[in-house]
Amino acid sequence: MLIASYNPAVMGDILVILTAPDTDAQTVNQKDDVVAITDEKSGNLLGYNFLNASQILPELQGQNGEVALTSDEVAKLNQTAQAAGFDHELVLDTTPHFQVGYVEEVSDHPKSDHLHITKVNLGDHVQQIVCGSVNLRNHIKVVVANVGTMMPDGKIIWPGKLLGVESDGMICAPRELALKNAPQKPGCLILDDEFAENGAAFDFKRGNELFA
């Protein structure tokens, strides 16, 4: 996965790249204008910080928050990291962060009285997501935030387990999507069956019109 964030007002001209969740023991290594953060035990890459990032990617100027990188931009970042002496390569994932999904199955979580285990059809595959939405049920269309998504509030969706059950992604409430006039109460966003095909990227413009 690859999450890119650029906030020059707070952090200066630094592009932050996250590729995995934080671990307890990390190694930070800077060479030239590239900082690599790796897991101390496995050596796996957790992320890069690119200093003076707008010199590498001039198109960053004027941006703030999560950055949707193109394949050409990722290639430039890899070239910069390799030139500095790092061999961890960034891989671009073109899967939409937010997709329309169809809940095919809902079952009770064996260790919780409010969590449910869902099977969500995302077009080309079915994904398991643990969800506690009060209005969750079978055979509805919802919005799924995939693993590797940065939510509007800055929260990052990582793969994980909820009370021992694998969960890849999150079924979203309107307020979690920061939709205009979204009700500030629990409950997932339920879409009309005709809203979009399973697996389609969620259209935030249309989403903002749902509560107009």
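**Exercise 1.** State which elements the buried residues of helix 3 pack against in this predicted model.

*Solution.* The buried side of helix 3 packs against strand 2 (14-18), strand 3 (26-31), strand 4 (34-39), strand 5 (45-51) and helix 2 (53-56). The residues concerned are Glu73, Val74, Leu77, Asn78, Ala81 and Ala84.

**Exercise 2.** Explain why the buried residues lie on the same side of helix 3.

*Solution.* Start with the list of buried residues: Glu73, Val74, Leu77, Asn78, Ala81 and Ala84. Around the axis they cover an arc of only 140°, so they fall on the same side of helix 3. In an α-helix there are 3.6 residues a turn, so residues three or four places apart point the same way. The face turned away from the buried side carries the exposed residues Ser71, Asp72, Gln79 and Ala83.

**Exercise 3.** Check the length of helix 3 against its number of residues.

*Solution.* Helix 3 covers residues 71-84, which is 14 residues. At 1.5 Å a residue it should span 20 Å, and its end C-alpha atoms are 20 Å apart, so the two values agree. After helix 3 comes Gly85, with a positive phi near 110°.

How values were computed:
Residues are numbered from 1 along each chain as its sequence is written. This is a predicted model: local features need pLDDT of at least 70, side-chain atom pairs count only at pLDDT 80 or more; totals for chains, interfaces and linings use all residues. Side-chain values use heavy atoms; hydrogens and water are left out. Helices (H or I, at least four residues) and strands (E, at least two) are DSSP runs, numbered from the N terminus. The expected span of a helix is 1.5 Å times one less than its number of residues. Buried means under 20% relative accessible area, exposed over 50%, partly exposed in between (1.4 Å probe, protein chains only). The arc is that of the directions from the helix axis to the C-beta atoms. Contact means heavy atoms within 4.5 Å.
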